[in-house]
Amino acid sequence: MDIFPDIELPDWGLEVDTEADIDEVVLGDGYVVRRPKGLNFLKDSWSPVWSGLEVTVARSTHAWLRERLNRTPFKWVHPVSGLQVQVVCKSVRLTYNQFNDEILSATFEQDFNPE
């Protein structure tokens with residue numbers, strides 16, 4: 001399995017978004033029955049941003065993520081916890097600020113498929 005390139009840490013403010021995949025059955029008497037869909041019903045996602053990358057690093061990392069976009073999972077080391085997480089890149093963006101510095105941003109979603 002591929003490993004995310006070893007680049008500098010993302011900008012401050014990295015957040016984790018967690019979604020729960022739940023079946024919900026509404027009964028006629030006002031009660032609702034909820035149950036998780038499968039074993040891995042809690043899925044985390046992150047949206048790191050790198051604004052201080054060198055031009056060549058930003059472009060090569062963008063190309064690396066673009067090749068795997070929504071298709072190929074890879075290992076990513078969470079910059080705060082240090083845990084290695086299997087993720088898939090759901091989106092990637094390369095933008096430029098007023099000084100023409102390249103800013104790389106991506107959205108990673110936890111992937112539970114076996115390696």
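Hi everyone, let's start with helix α1, residues 55-68: at 1.5 Å a residue its 14 residues should span 20 Å, and its end C-alpha atoms are 20 Å apart, which agrees. The expected span here is 1.5 Å times one less than the number of residues.

A quick word on where this comes from. This is a predicted model, where local features need pLDDT of at least 70 and side-chain atom pairs count only at pLDDT 80 or more, while totals for chains, interfaces and linings use all residues. Residues are numbered from 1 along each chain as its sequence is written, and side-chain values use heavy atoms, with hydrogens and water left out. Helices (H or I, at least four residues) and strands (E, at least two) are DSSP runs, numbered from the N terminus.

Back to the helix. Which residues of α1 are buried? They are Ala58, Thr61, His62, Trp64, Leu65 and Arg68. These residues cover an arc of only 160° around the axis, which puts them on the same side of α1; the arc is that of the directions from the helix axis to the C-beta atoms. As a reminder, an α-helix has 3.6 residues a turn, so residues three or four places apart point the same way. On the other side of α1, you'll find Thr56, Arg66 and Glu67 exposed. Buried means under 20% relative accessible area, exposed over 50%, and partly exposed in between, with a 1.4 Å probe and protein chains only.

And what covers that buried side? The cover includes β1 (2-3), β7 (74-77), β8 (84-96) and β9 (102-110). Just after α1, have a look at Asn70, which takes a positive phi of about 60°.

Now another asparagine. Asn40 sits in the loop between β4 (32-36) and β5 (42-46), and it is partly exposed, with a relative accessible area of 45%. Its C-alpha atom is separated by 12 Å from that of Pro114, 74 residues apart along the chain.

Zooming out, the protein chain has 1 helix and 9 strands, in the order β-β-β-β-β-β-α-β-β-β from the N terminus. The radius of gyration is 18 Å, well over the 13 Å that the globule rule gives for 115 residues, so the chain is more spread out than a compact globule. That radius is taken over C-alpha atoms, and the rule is 2.2 Å times the number of residues to the power 0.38. The C-alpha atoms fill a box of roughly 60 × 35 × 25 Å, taken along the principal axes. Of the 115 residues, 28% count as buried.

Lastly, contacts, meaning heavy atoms within 4.5 Å. Among those with a separation of 6 or more, 59% are between residues 24 or more positions apart.
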